[in-house]
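Please examine the sequence and the three-dimensional structure shown here before reading on. The explanation that comes after them is arranged by chain.

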Amino acid sequence: MKKQEYIEYVEDRAKKSPIVKNCICAFSIGGLICIIGQIFLDLYSFWGLEKQDASTLASISLIFLTALLTGIGVFDNIARVAGAGTLVPITGFANAISSQAIDTKSEGYVLGVGAKMFTIAGPVLVFSTISGVLYGVIYYICTVIWG
Amino acid sequence: MEIALKYLIVFLVGGTFSFIAQVVIDKTKVTPARVLVTYVCVGVFLSAIGVYTPLKEFANAGASVPLTGFGSLIAEGVRRAVDERGLIGALTGVFSLTSGGIAAAIVFGFLASLIFSSKPKR
Amino acid sequence: MKSQIIKLNNPPKISSTYSVVGHLERQGPLGALFDEFCQDDKFGKDTWEQAESEMQLRAVQGAIKRAGLSDCNIDMLLAGDLLNQCVGSNYALASIDIPYLGLYGACSTCAEGLTLGACLYSGGMAEYCGVVTSSHYCSSERQFRFPLEYGGQRTPTAQWTTTGSGAFVLGNEGKVKICEAMIGKVIDKGIKDINNMGAAMAPSAIDTLTRYFRNSNHSPKDFDLIVTGDLGYEGSEILKDLLLGEGVDIRENHTDCGLLIFKRDEQDVHAGGSGCGCSAVVMASHIVPRMEAGELKNVLFLGTGALMSPTTLFQGGSIPAISHLVHLEA
(Lines give C-alpha, C1' and ligand atoms only; values in the text may rest on other atoms or scores of the structure.)
Protein backbone atom coordinates (compact mmCIF):
# COMPACT_ATOMS: atom_id res chain seq x y z
CA MET A 1 0.00 0.00 0.00
CA LYS A 2 1.36 3.39 -0.98
CA LYS A 3 1.90 6.05 1.67
CA GLN A 4 -0.95 8.24 0.50
CA GLU A 5 -3.34 5.30 0.23
CA TYR A 6 -2.43 4.20 3.74
CA ILE A 7 -2.94 7.68 5.19
CA GLU A 8 -6.38 7.85 3.60
CA TYR A 9 -7.22 4.34 4.79
CA VAL A 10 -6.24 5.27 8.35
CA GLU A 11 -8.18 8.51 8.32
CA ASP A 12 -11.26 6.78 6.98
CA ARG A 13 -11.38 4.15 9.65
CA ALA A 14 -10.22 6.17 12.67
CA LYS A 15 -13.03 6.72 15.09
CA LYS A 16 -13.88 10.39 15.07
CA SER A 17 -14.18 12.48 18.19
CA PRO A 18 -17.82 12.59 19.35
CA ILE A 19 -18.34 16.01 17.83
CA VAL A 20 -21.95 16.62 18.84
CA LYS A 21 -21.30 15.76 22.46
CA ASN A 22 -18.04 17.74 22.45
CA CYS A 23 -19.73 20.79 20.98
CA ILE A 24 -22.60 20.72 23.46
CA CYS A 25 -20.13 20.42 26.33
CA ALA A 26 -17.90 23.17 24.92
CA PHE A 27 -20.86 25.49 24.37
CA SER A 28 -22.41 25.04 27.78
CA ILE A 29 -19.22 25.07 29.85
CA GLY A 30 -17.77 27.96 27.83
CA GLY A 31 -21.00 29.89 28.38
CA LEU A 32 -21.03 29.01 32.05
CA ILE A 33 -17.50 30.32 32.57
CA CYS A 34 -18.53 33.60 30.96
CA ILE A 35 -21.50 33.76 33.33
CA ILE A 36 -19.16 33.29 36.30
CA GLY A 37 -17.07 36.12 34.83
CA GLN A 38 -20.20 38.26 34.56
CA ILE A 39 -21.13 37.56 38.19
CA PHE A 40 -17.70 38.76 39.27
CA LEU A 41 -18.03 41.78 36.98
CA ASP A 42 -21.42 42.78 38.39
CA LEU A 43 -20.24 42.18 41.92
CA TYR A 44 -17.19 44.44 41.52
CA SER A 45 -19.28 47.11 39.81
CA PHE A 46 -21.76 46.87 42.65
CA TRP A 47 -18.90 47.50 45.07
CA GLY A 48 -18.18 50.72 43.23
CA LEU A 49 -15.33 49.81 40.91
CA GLU A 50 -15.30 51.58 37.61
CA LYS A 51 -16.11 49.43 34.58
CA GLN A 52 -12.63 48.86 33.19
CA ASP A 53 -11.22 47.92 36.60
CA ALA A 54 -14.17 45.67 37.39
CA SER A 55 -13.67 43.87 34.08
CA THR A 56 -9.94 43.41 34.70
CA LEU A 57 -10.61 42.19 38.22
CA ALA A 58 -13.21 39.74 36.92
CA SER A 59 -10.59 38.26 34.57
CA ILE A 60 -8.08 38.12 37.42
CA SER A 61 -10.64 36.27 39.56
CA LEU A 62 -11.13 33.67 36.84
CA ILE A 63 -7.38 33.32 36.50
CA PHE A 64 -7.07 32.82 40.25
CA LEU A 65 -9.80 30.16 40.26
CA THR A 66 -8.13 28.40 37.34
CA ALA A 67 -4.73 28.36 39.03
CA LEU A 68 -6.35 26.96 42.17
CA LEU A 69 -8.31 24.26 40.33
CA THR A 70 -5.19 23.40 38.32
CA GLY A 71 -3.17 23.09 41.51
CA ILE A 72 -5.59 20.74 43.25
CA GLY A 73 -5.75 18.61 40.10
CA VAL A 74 -9.37 19.28 39.17
CA PHE A 75 -9.04 21.53 36.15
CA ASP A 76 -7.80 18.87 33.72
CA ASN A 77 -10.77 16.68 34.60
CA ILE A 78 -13.16 19.50 33.76
CA ALA A 79 -11.24 20.29 30.59
CA ARG A 80 -11.36 16.68 29.42
CA VAL A 81 -15.12 17.09 29.17
CA ALA A 82 -15.25 20.76 28.27
CA GLY A 83 -12.65 20.83 25.47
CA ALA A 84 -12.76 24.27 23.90
CA GLY A 85 -15.21 25.30 26.63
CA THR A 86 -12.33 25.80 29.06
CA LEU A 87 -9.71 26.46 26.38
CA VAL A 88 -11.22 29.55 24.77
CA PRO A 89 -12.09 31.60 27.87
CA ILE A 90 -9.21 33.18 29.79
CA THR A 91 -9.18 29.98 31.89
CA GLY A 92 -7.34 28.13 29.11
CA PHE A 93 -4.56 30.72 29.10
CA ALA A 94 -4.28 30.63 32.90
CA ASN A 95 -4.26 26.82 32.95
CA ALA A 96 -1.52 26.65 30.32
CA ILE A 97 0.68 28.85 32.52
CA SER A 98 -0.08 27.36 35.92
CA SER A 99 0.07 23.73 34.79
CA GLN A 100 3.42 24.34 33.17
CA ALA A 101 4.66 26.14 36.31
CA ILE A 102 3.59 23.30 38.61
CA ASP A 103 5.00 20.67 36.29
CA THR A 104 8.43 22.21 35.85
CA LYS A 105 9.17 23.06 39.45
CA SER A 106 11.20 19.85 39.70
CA GLU A 107 13.72 21.60 37.43
CA GLY A 108 13.99 24.50 39.86
CA TYR A 109 12.32 27.90 40.09
CA VAL A 110 14.62 29.73 37.70
CA LEU A 111 15.35 27.23 34.94
CA GLY A 112 12.14 25.27 35.45
CA VAL A 113 9.20 27.44 36.45
CA GLY A 114 10.67 30.74 35.28
CA ALA A 115 12.02 29.53 31.99
CA LYS A 116 9.20 27.22 30.96
CA MET A 117 6.10 28.97 32.25
CA PHE A 118 5.19 30.28 28.80
CA THR A 119 5.98 27.17 26.77
CA ILE A 120 2.32 26.64 25.92
CA ALA A 121 0.84 30.10 26.50
CA GLY A 122 3.71 31.96 24.84
CA PRO A 123 2.39 31.83 21.26
CA VAL A 124 -0.79 33.63 22.31
CA LEU A 125 1.22 36.50 23.78
CA VAL A 126 3.65 36.68 20.88
CA PHE A 127 1.04 36.78 18.15
CA SER A 128 -1.37 39.06 19.98
CA THR A 129 1.51 41.49 20.57
CA ILE A 130 2.59 41.37 16.96
CA SER A 131 -0.90 41.91 15.62
CA GLY A 132 -1.47 44.65 18.21
CA VAL A 133 1.68 46.52 17.19
CA LEU A 134 0.81 46.05 13.54
CA TYR A 135 -2.61 47.51 14.20
CA GLY A 136 -1.02 50.44 16.10
CA VAL A 137 1.22 51.29 13.15
CA ILE A 138 -1.64 51.10 10.66
CA TYR A 139 -3.87 53.12 12.96
CA TYR A 140 -1.15 55.77 13.32
CA ILE A 141 -0.71 56.04 9.56
CA CYS A 142 -4.47 56.40 9.17
CA THR A 143 -4.63 59.17 11.76
CA VAL A 144 -1.77 61.00 10.05
CA ILE A 145 -3.43 60.78 6.64
CA TRP A 146 -6.97 61.54 7.66
CA GLY A 147 -6.24 63.47 10.83
CA MET B 1 -36.22 39.94 33.81
CA GLU B 2 -33.70 42.31 32.33
CA ILE B 3 -30.91 40.74 34.33
CA ALA B 4 -31.95 37.25 33.25
CA LEU B 5 -31.79 38.35 29.60
CA LYS B 6 -28.39 39.90 30.16
CA TYR B 7 -27.04 36.66 31.62
CA LEU B 8 -28.64 34.63 28.85
CA ILE B 9 -26.80 36.74 26.27
CA VAL B 10 -23.54 36.31 28.18
CA PHE B 11 -24.07 32.56 28.13
CA LEU B 12 -25.01 32.34 24.46
CA VAL B 13 -22.23 34.57 23.14
CA GLY B 14 -19.53 33.06 25.35
CA GLY B 15 -20.75 29.57 24.49
CA THR B 16 -20.69 30.33 20.79
CA PHE B 17 -17.01 31.33 20.90
CA SER B 18 -16.19 27.99 22.52
CA PHE B 19 -18.50 26.11 20.18
CA ILE B 20 -16.78 27.44 17.05
CA ALA B 21 -13.36 26.51 18.41
CA GLN B 22 -14.55 23.00 19.25
CA VAL B 23 -15.89 22.48 15.73
CA VAL B 24 -12.60 23.64 14.23
CA ILE B 25 -10.54 21.38 16.53
CA ASP B 26 -12.68 18.29 15.95
CA LYS B 27 -13.34 18.76 12.26
CA THR B 28 -9.97 19.94 11.01
CA LYS B 29 -6.37 19.14 11.88
CA VAL B 30 -5.81 22.56 13.41
CA THR B 31 -4.20 22.13 16.83
CA PRO B 32 -5.72 23.84 19.90
CA ALA B 33 -2.63 26.07 20.19
CA ARG B 34 -3.23 27.43 16.68
CA VAL B 35 -6.90 27.98 17.39
CA LEU B 36 -6.00 30.12 20.41
CA VAL B 37 -3.45 32.14 18.45
CA THR B 38 -6.06 32.70 15.75
CA TYR B 39 -8.60 33.75 18.37
CA VAL B 40 -6.46 36.52 19.87
CA CYS B 41 -5.50 37.80 16.44
CA VAL B 42 -9.15 37.78 15.38
CA GLY B 43 -9.91 39.70 18.58
CA VAL B 44 -7.35 42.36 17.65
CA PHE B 45 -8.74 42.53 14.12
CA LEU B 46 -12.41 42.75 15.12
CA SER B 47 -11.59 45.45 17.61
CA ALA B 48 -9.56 47.32 14.98
CA ILE B 49 -12.47 47.43 12.55
CA GLY B 50 -14.76 48.55 15.34
CA VAL B 51 -16.89 45.44 15.70
CA TYR B 52 -15.74 44.09 19.02
CA THR B 53 -16.47 47.08 21.25
CA PRO B 54 -20.19 47.05 20.43
CA LEU B 55 -20.19 43.29 20.92
CA LYS B 56 -18.70 43.77 24.38
CA GLU B 57 -21.37 46.31 25.24
CA PHE B 58 -24.00 43.84 24.09
CA ALA B 59 -22.63 40.64 25.60
CA ASN B 60 -20.45 41.91 28.47
CA ALA B 61 -18.43 39.03 29.91
CA GLY B 62 -19.65 36.81 27.08
CA ALA B 63 -17.30 38.76 24.82
CA SER B 64 -14.60 39.85 27.28
CA VAL B 65 -13.84 36.47 28.90
CA PRO B 66 -13.00 34.50 25.70
CA LEU B 67 -9.51 35.04 24.30
CA THR B 68 -10.87 37.26 21.57
CA GLY B 69 -11.62 39.69 24.41
CA PHE B 70 -7.95 39.59 25.35
CA GLY B 71 -7.08 40.49 21.76
CA SER B 72 -9.59 43.31 21.73
CA LEU B 73 -8.09 44.74 24.93
CA ILE B 74 -4.70 44.82 23.24
CA ALA B 75 -6.13 46.68 20.26
CA GLU B 76 -7.98 49.10 22.53
CA GLY B 77 -4.84 49.80 24.55
CA VAL B 78 -2.84 50.41 21.40
CA ARG B 79 -5.50 52.73 19.99
CA ARG B 80 -5.63 54.85 23.12
CA ALA B 81 -1.83 55.04 23.37
CA VAL B 82 -1.44 56.06 19.71
CA ASP B 83 -4.09 58.76 20.21
CA GLU B 84 -2.18 60.11 23.19
CA ARG B 85 1.45 59.70 22.18
CA GLY B 86 1.67 58.96 18.50
CA LEU B 87 3.55 56.14 16.88
CA ILE B 88 5.34 54.99 20.03
CA GLY B 89 1.92 54.11 21.38
CA ALA B 90 1.89 51.10 19.03
CA LEU B 91 4.50 49.58 21.34
CA THR B 92 3.64 51.09 24.70
CA GLY B 93 -0.07 50.42 24.46
CA VAL B 94 0.04 46.67 23.86
CA PHE B 95 -0.03 45.69 27.51
CA SER B 96 -1.58 48.82 28.97
CA LEU B 97 -4.97 47.17 29.47
CA THR B 98 -3.91 43.52 29.46
CA SER B 99 -1.08 43.63 31.98
CA GLY B 100 -3.53 42.94 34.82
CA GLY B 101 -4.45 39.58 33.35
CA ILE B 102 -0.92 38.64 32.31
CA ALA B 103 0.60 39.62 35.64
CA ALA B 104 -2.14 37.72 37.48
CA ALA B 105 -1.54 34.60 35.38
CA ILE B 106 2.19 34.77 36.12
CA VAL B 107 1.77 35.47 39.84
CA PHE B 108 -0.94 32.87 40.44
CA GLY B 109 0.92 30.35 38.29
CA PHE B 110 4.05 30.94 40.34
CA LEU B 111 2.15 30.69 43.63
CA ALA B 112 0.54 27.47 42.43
CA SER B 113 3.99 26.04 41.71
CA LEU B 114 5.07 26.97 45.25
CA ILE B 115 2.10 25.24 46.86
CA PHE B 116 1.12 22.33 44.61
CA SER B 117 2.80 19.45 42.81
CA SER B 118 1.47 17.49 39.86
CA LYS B 119 -0.55 14.39 40.60
CA PRO B 120 -0.90 11.05 38.84
CA LYS B 121 -4.01 10.78 36.67
CA ARG B 122 -6.84 8.37 37.18
CA MET C 1 17.61 -13.09 -0.21
CA LYS C 2 18.54 -13.90 3.37
CA SER C 3 15.87 -15.28 5.63
CA GLN C 4 16.54 -12.63 8.29
CA ILE C 5 15.24 -14.96 10.96
CA ILE C 6 17.64 -15.39 13.84
CA LYS C 7 17.61 -19.06 14.78
CA LEU C 8 19.00 -19.49 18.27
CA ASN C 9 20.96 -22.73 18.35
CA ASN C 10 21.40 -22.51 22.06
CA PRO C 11 18.09 -20.94 23.06
CA PRO C 12 17.98 -19.17 26.42
CA LYS C 13 15.17 -19.77 28.86
CA ILE C 14 13.27 -17.17 30.79
CA SER C 15 14.47 -17.98 34.29
CA SER C 16 12.40 -15.39 36.08
CA THR C 17 10.20 -12.37 35.53
CA TYR C 18 9.14 -9.51 37.76
CA SER C 19 6.78 -6.58 37.27
CA VAL C 20 6.16 -3.28 39.03
CA VAL C 21 3.21 -1.06 38.04
CA GLY C 22 1.33 2.11 38.94
CA HIS C 23 -2.14 2.39 40.43
CA LEU C 24 -4.10 2.55 37.17
CA GLU C 25 -2.51 -0.66 35.88
CA ARG C 26 -3.20 -2.28 39.24
CA GLN C 27 -6.91 -1.47 38.76
CA GLY C 28 -6.84 -3.01 35.29
CA PRO C 29 -7.91 -6.54 34.33
CA LEU C 30 -4.43 -7.94 35.03
CA GLY C 31 -4.00 -5.94 38.23
CA ALA C 32 -3.72 -8.84 40.65
CA LEU C 33 -1.01 -10.54 38.59
CA PHE C 34 1.60 -7.81 38.95
CA ASP C 35 4.21 -8.34 41.62
CA GLU C 36 4.37 -4.84 43.02
CA PHE C 37 2.49 -1.58 42.67
CA CYS C 38 2.50 1.91 44.08
CA GLN C 39 -0.66 3.78 44.98
CA ASP C 40 0.60 7.29 44.19
CA ASP C 41 2.90 6.30 41.30
CA LYS C 42 5.78 8.17 42.95
CA PHE C 43 7.52 5.16 44.48
CA GLY C 44 8.69 7.32 47.36
CA LYS C 45 10.60 9.71 45.12
CA ASP C 46 10.38 13.45 44.51
CA THR C 47 10.18 13.59 40.74
CA TRP C 48 8.48 11.44 38.10
CA GLU C 49 11.81 10.67 36.45
CA GLN C 50 13.21 9.37 39.74
CA ALA C 51 10.00 7.41 40.28
CA GLU C 52 10.46 5.67 36.94
CA SER C 53 14.07 4.78 37.80
CA GLU C 54 13.03 3.45 41.19
CA MET C 55 10.36 1.33 39.52
CA GLN C 56 12.90 -0.12 37.11
CA LEU C 57 15.38 -0.79 39.90
CA ARG C 58 12.76 -2.70 41.87
CA ALA C 59 11.84 -4.75 38.81
CA VAL C 60 15.46 -5.75 38.12
CA GLN C 61 16.16 -6.61 41.73
CA GLY C 62 12.91 -8.55 41.97
CA ALA C 63 13.67 -10.65 38.90
CA ILE C 64 17.24 -11.40 39.97
CA LYS C 65 16.10 -12.40 43.44
CA ARG C 66 13.31 -14.57 42.09
CA ALA C 67 15.77 -16.42 39.85
CA GLY C 68 17.68 -17.26 43.01
CA LEU C 69 20.67 -15.24 41.84
CA SER C 70 22.55 -12.18 43.00
CA ASP C 71 23.97 -9.23 41.06
CA CYS C 72 27.34 -10.89 40.60
CA ASN C 73 25.78 -13.79 38.66
CA ILE C 74 24.32 -11.55 35.97
CA ASP C 75 26.70 -10.92 33.07
CA MET C 76 24.89 -7.95 31.63
CA LEU C 77 21.74 -5.90 31.74
CA LEU C 78 19.93 -4.69 28.64
CA ALA C 79 17.63 -1.87 29.63
CA GLY C 80 15.62 0.90 28.08
CA ASP C 81 12.84 3.42 28.61
CA LEU C 82 11.13 6.30 26.82
CA LEU C 83 13.00 9.24 28.30
CA ASN C 84 15.61 11.32 26.50
CA GLN C 85 19.10 9.82 26.74
CA CYS C 86 17.57 6.71 28.35
CA VAL C 87 17.87 8.36 31.75
CA GLY C 88 15.22 6.15 33.32
CA SER C 89 17.53 3.17 32.97
CA ASN C 90 20.78 5.08 33.45
CA TYR C 91 19.80 6.33 36.88
CA ALA C 92 18.05 3.13 37.89
CA LEU C 93 21.06 0.97 37.20
CA ALA C 94 23.65 3.30 38.72
CA SER C 95 23.16 1.51 42.02
CA ILE C 96 23.57 -1.95 40.52
CA ASP C 97 26.96 -3.53 39.93
CA ILE C 98 26.21 -5.16 36.56
CA PRO C 99 27.52 -4.23 33.08
CA TYR C 100 24.78 -2.41 31.21
CA LEU C 101 23.72 -1.55 27.67
CA GLY C 102 21.07 1.14 27.16
CA LEU C 103 18.50 0.56 24.44
CA TYR C 104 15.95 2.78 22.74
CA GLY C 105 13.17 1.30 20.69
CA ALA C 106 10.16 3.12 22.14
CA CYS C 107 7.46 0.55 22.90
CA SER C 108 9.46 -2.16 21.07
CA THR C 109 12.33 -1.97 23.57
CA CYS C 110 11.22 -5.05 25.50
CA ALA C 111 11.31 -7.20 22.36
CA GLU C 112 14.58 -5.54 21.32
CA GLY C 113 16.13 -6.41 24.69
CA LEU C 114 14.88 -10.00 24.61
CA THR C 115 16.22 -10.43 21.07
CA LEU C 116 19.68 -9.10 21.94
CA GLY C 117 19.78 -10.94 25.24
CA ALA C 118 18.86 -14.20 23.53
CA CYS C 119 21.59 -13.68 20.91
CA LEU C 120 24.22 -12.92 23.54
CA TYR C 121 23.22 -15.97 25.54
CA SER C 122 23.06 -18.22 22.53
CA GLY C 123 26.46 -17.06 21.39
CA GLY C 124 27.93 -17.93 24.75
CA MET C 125 28.65 -14.33 25.68
CA ALA C 126 26.43 -14.44 28.73
CA GLU C 127 25.46 -17.06 31.21
CA TYR C 128 22.71 -14.93 32.69
CA CYS C 129 21.38 -11.82 31.00
CA GLY C 130 18.91 -9.35 32.47
CA VAL C 131 16.39 -7.48 30.33
CA VAL C 132 14.35 -4.64 31.78
CA THR C 133 12.26 -1.81 30.36
CA SER C 134 10.03 0.81 31.90
CA SER C 135 7.72 3.66 31.10
CA HIS C 136 5.91 6.09 33.37
CA TYR C 137 2.79 7.98 32.34
CA CYS C 138 3.80 11.10 34.21
CA SER C 139 7.40 11.36 32.99
CA SER C 140 6.61 10.60 29.36
CA GLU C 141 3.55 12.85 29.27
CA ARG C 142 5.81 15.71 30.31
CA GLN C 143 8.37 14.87 27.66
CA PHE C 144 6.13 14.03 24.72
CA ARG C 145 2.91 15.95 25.28
CA PHE C 146 1.76 18.42 27.91
CA PRO C 147 2.19 19.14 31.62
CA LEU C 148 0.15 16.76 33.75
CA GLU C 149 -2.32 19.35 34.97
CA TYR C 150 -2.87 20.83 31.51
CA GLY C 151 -6.48 20.60 30.42
CA GLY C 152 -6.68 19.00 27.01
CA GLN C 153 -8.91 16.60 25.16
CA ARG C 154 -7.68 13.37 23.61
CA THR C 155 -9.00 11.83 20.44
CA PRO C 156 -10.42 8.27 20.53
CA THR C 157 -7.32 6.86 18.80
CA ALA C 158 -4.88 8.23 21.40
CA GLN C 159 -3.05 5.73 23.60
CA TRP C 160 -2.25 5.93 27.28
CA THR C 161 1.35 5.48 28.42
CA THR C 162 1.55 2.62 30.88
CA THR C 163 3.23 3.15 34.22
CA GLY C 164 5.18 -0.01 34.78
CA SER C 165 8.46 -1.84 34.54
CA GLY C 166 8.98 -5.48 33.64
CA ALA C 167 12.21 -7.42 34.07
CA PHE C 168 13.36 -10.79 32.75
CA VAL C 169 16.36 -12.94 33.56
CA LEU C 170 17.48 -15.11 30.65
CA GLY C 171 19.52 -18.14 31.56
CA ASN C 172 19.73 -21.86 31.73
CA GLU C 173 16.71 -22.67 33.86
CA GLY C 174 13.07 -22.14 33.06
CA LYS C 175 10.20 -23.57 31.09
CA VAL C 176 9.87 -20.93 28.41
CA LYS C 177 12.60 -20.58 25.82
CA ILE C 178 13.31 -18.00 23.17
CA CYS C 179 13.95 -20.04 20.03
CA GLU C 180 13.76 -17.48 17.25
CA ALA C 181 13.90 -13.74 16.78
CA MET C 182 13.59 -11.30 13.93
CA ILE C 183 14.84 -7.75 13.89
CA GLY C 184 12.44 -5.15 12.53
CA LYS C 185 12.98 -2.59 9.82
CA VAL C 186 12.10 1.06 10.17
CA ILE C 187 8.83 1.55 8.34
CA ASP C 188 7.34 4.98 7.76
CA LYS C 189 3.95 5.18 6.10
CA GLY C 190 3.57 8.90 6.56
CA ILE C 191 1.31 9.02 9.62
CA LYS C 192 1.86 12.28 11.49
CA ASP C 193 -0.79 12.11 14.19
CA ILE C 194 0.77 11.51 17.61
CA ASN C 195 -2.73 10.65 18.78
CA ASN C 196 -2.86 7.69 16.43
CA MET C 197 0.38 5.86 17.09
CA GLY C 198 -1.33 2.52 16.55
CA ALA C 199 -1.80 3.42 12.90
CA ALA C 200 1.83 4.54 12.65
CA MET C 201 3.10 1.25 14.10
CA ALA C 202 0.77 -1.24 12.43
CA PRO C 203 2.61 -1.24 9.05
CA SER C 204 5.89 -2.19 10.75
CA ALA C 205 4.16 -5.09 12.50
CA ILE C 206 2.72 -6.16 9.15
CA ASP C 207 6.16 -5.99 7.57
CA THR C 208 7.85 -8.09 10.25
CA LEU C 209 5.04 -10.64 10.45
CA THR C 210 4.78 -11.18 6.70
CA ARG C 211 8.57 -11.46 6.43
CA TYR C 212 8.54 -14.00 9.24
CA PHE C 213 5.79 -16.15 7.76
CA ARG C 214 7.32 -15.95 4.29
CA ASN C 215 10.76 -17.03 5.46
CA SER C 216 9.83 -19.63 8.06
CA ASN C 217 7.73 -22.69 7.46
CA HIS C 218 5.24 -21.52 10.05
CA SER C 219 1.78 -20.18 9.48
CA PRO C 220 -0.33 -18.18 11.96
CA LYS C 221 -2.17 -21.37 12.92
CA ASP C 222 1.00 -22.78 14.46
CA PHE C 223 0.83 -20.28 17.26
CA ASP C 224 -1.43 -20.29 20.28
CA LEU C 225 -1.04 -16.55 20.54
CA ILE C 226 0.39 -13.70 18.50
CA VAL C 227 0.95 -10.86 20.96
CA THR C 228 1.69 -7.35 19.74
CA GLY C 229 2.84 -4.68 22.15
CA ASP C 230 1.42 -2.11 21.91
CA LEU C 231 -0.76 -1.30 18.95
CA GLY C 232 -3.81 -0.52 21.05
CA TYR C 233 -7.28 -0.89 19.63
CA GLU C 234 -6.80 1.12 16.47
CA GLY C 235 -3.47 -0.41 15.48
CA SER C 236 -4.66 -3.96 16.22
CA GLU C 237 -7.69 -3.54 13.98
CA ILE C 238 -5.54 -2.16 11.17
CA LEU C 239 -3.04 -5.01 11.59
CA LYS C 240 -5.71 -7.71 11.40
CA ASP C 241 -7.52 -6.04 8.54
CA LEU C 242 -4.50 -5.42 6.32
CA LEU C 243 -2.91 -8.80 7.04
CA LEU C 244 -6.15 -10.45 6.03
CA GLY C 245 -5.90 -8.54 2.76
CA GLU C 246 -2.52 -10.22 2.22
CA GLY C 247 -3.97 -13.62 2.97
CA VAL C 248 -2.66 -13.91 6.52
CA ASP C 249 -5.44 -14.45 9.02
CA ILE C 250 -4.48 -13.76 12.63
CA ARG C 251 -7.95 -12.76 13.85
CA GLU C 252 -8.33 -15.89 15.94
CA ASN C 253 -5.14 -15.81 17.94
CA HIS C 254 -4.08 -12.18 18.03
CA THR C 255 -4.02 -10.07 21.15
CA ASP C 256 -2.35 -6.84 22.14
CA CYS C 257 -0.66 -5.85 25.40
CA GLY C 258 -2.17 -2.38 25.19
CA LEU C 259 -5.65 -3.92 25.10
CA LEU C 260 -4.96 -6.42 27.88
CA ILE C 261 -3.63 -4.04 30.47
CA PHE C 262 -6.58 -1.63 30.82
CA LYS C 263 -10.35 -1.87 30.90
CA ARG C 264 -10.85 0.28 27.87
CA ASP C 265 -14.47 1.20 28.53
CA GLU C 266 -14.08 2.05 32.18
CA GLN C 267 -10.62 3.52 32.52
CA ASP C 268 -10.81 6.32 29.93
CA VAL C 269 -7.59 5.24 28.23
CA HIS C 270 -9.03 5.65 24.72
CA ALA C 271 -7.29 3.19 22.35
CA GLY C 272 -5.43 1.33 25.12
CA GLY C 273 -2.01 1.26 26.71
CA SER C 274 1.40 2.05 25.22
CA GLY C 275 4.95 2.61 26.37
CA CYS C 276 7.79 0.17 26.76
CA GLY C 277 6.61 -0.77 30.23
CA CYS C 278 3.31 -2.02 28.84
CA SER C 279 4.46 -5.03 26.85
CA ALA C 280 7.14 -5.76 29.48
CA VAL C 281 4.72 -6.09 32.38
CA VAL C 282 2.08 -7.95 30.36
CA MET C 283 4.67 -10.44 29.09
CA ALA C 284 6.30 -10.77 32.50
CA SER C 285 3.16 -11.27 34.54
CA HIS C 286 0.57 -12.62 32.14
CA ILE C 287 1.88 -14.29 28.98
CA VAL C 288 5.04 -15.97 30.29
CA PRO C 289 3.28 -17.32 33.43
CA ARG C 290 0.52 -18.72 31.22
CA MET C 291 3.15 -20.45 29.12
CA GLU C 292 4.82 -21.79 32.23
CA ALA C 293 1.45 -23.14 33.38
CA GLY C 294 1.11 -25.00 30.10
CA GLU C 295 -1.84 -22.97 28.80
CA LEU C 296 0.15 -21.68 25.84
CA LYS C 297 2.88 -23.46 23.95
CA ASN C 298 3.90 -21.38 20.98
CA VAL C 299 3.78 -17.61 21.21
CA LEU C 300 4.94 -14.89 18.84
CA PHE C 301 5.69 -11.62 20.60
CA LEU C 302 5.99 -8.50 18.47
CA GLY C 303 7.26 -5.38 20.16
CA THR C 304 6.13 -2.37 18.15
CA GLY C 305 7.68 1.04 18.65
CA ALA C 306 6.96 4.53 17.34
CA LEU C 307 10.32 6.23 16.88
CA MET C 308 9.49 9.93 16.77
CA SER C 309 10.50 12.86 18.93
CA PRO C 310 8.44 15.99 19.67
CA THR C 311 10.95 18.05 17.68
CA THR C 312 10.62 16.01 14.49
CA LEU C 313 6.84 16.10 14.80
CA PHE C 314 6.80 19.90 15.17
CA GLN C 315 8.98 20.05 12.06
CA GLY C 316 6.25 18.26 10.17
CA GLY C 317 7.91 14.85 10.14
CA SER C 318 5.96 11.62 10.14
CA ILE C 319 6.25 8.82 12.67
CA PRO C 320 8.69 6.02 11.76
CA ALA C 321 7.97 2.71 13.45
CA ILE C 322 9.67 -0.61 14.11
CA SER C 323 8.61 -4.10 15.15
CA HIS C 324 10.90 -6.78 16.54
CA LEU C 325 9.68 -10.34 16.71
CA VAL C 326 10.44 -12.93 19.38
CA HIS C 327 9.30 -16.53 19.14
CA LEU C 328 8.69 -18.10 22.55
CA GLU C 329 8.19 -21.79 23.12
CA ALA C 330 7.15 -23.59 26.27
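Predicted model: local features only at pLDDT ≥ 70, side-chain atom pairs only at ≥ 80, totals over all residues.

Residues are numbered from 1 along each chain as its sequence is written, while chains are lettered from A and ligands numbered from 1 in the order in which they are written.

Chain B contains seven helices and zero strands; helices (H or I, at least four residues) and strands (E, at least two) are DSSP runs, numbered from the N terminus. The C-alpha trace of chain B spans about 55 × 40 × 35 Å along its principal axes. Of the 122 residues of chain B, 53% count as buried, that is, 20 or more other C-beta atoms, placed from the backbone, lie within 10 Å of the residue's own.

Chain B also touches chain A, with 60 residues from chain B and 61 residues from chain A taking part; two residues are in contact if their C-beta atoms, placed from the backbone, lie within 7 Å. On the side of chain B that touches chain A, α1(B) gives the most, with 15 residues. The residues of this side divide into 39 nonpolar, 17 polar and four charged. Here Ala, Val, Leu, Ile, Met, Phe, Trp, Tyr, Cys and Pro count as nonpolar, Asp, Glu, Lys and Arg as charged, and the others, Gly among them, as polar.

Chain A is assigned domain 1 (3–116) and domain 2 (119–147), with bounds from an automatic or database domain assignment. Their C-alpha centres lie 25 Å apart. Five residues of domain 1 are in contact with four residues of domain 2. Helix α6 (residues 90–103) of chain A supplies the largest share of the domain 1 side, four residues.

In chain C, strand β14 (residues 321–329) is largely enclosed by the rest of the structure, because eight of its nine residues are buried. Strand β13 (residues 298–306) of chain C runs antiparallel to β14(C), joined by nine bridges; two strands pair if DSSP finds at least two bridges between them. Within β14(C), Ile322(C) stands opposite Gly305(C). Strand β9 (residues 177–182) of chain C also pairs with β14(C) in the antiparallel sense, over five bridges, and His327(C) in β14(C) is the bridge partner of Glu180(C).

Definitions and conventions. Buried ≥ 20, exposed ≤ 12 C-beta atoms within 10 Å, placed from the backbone.
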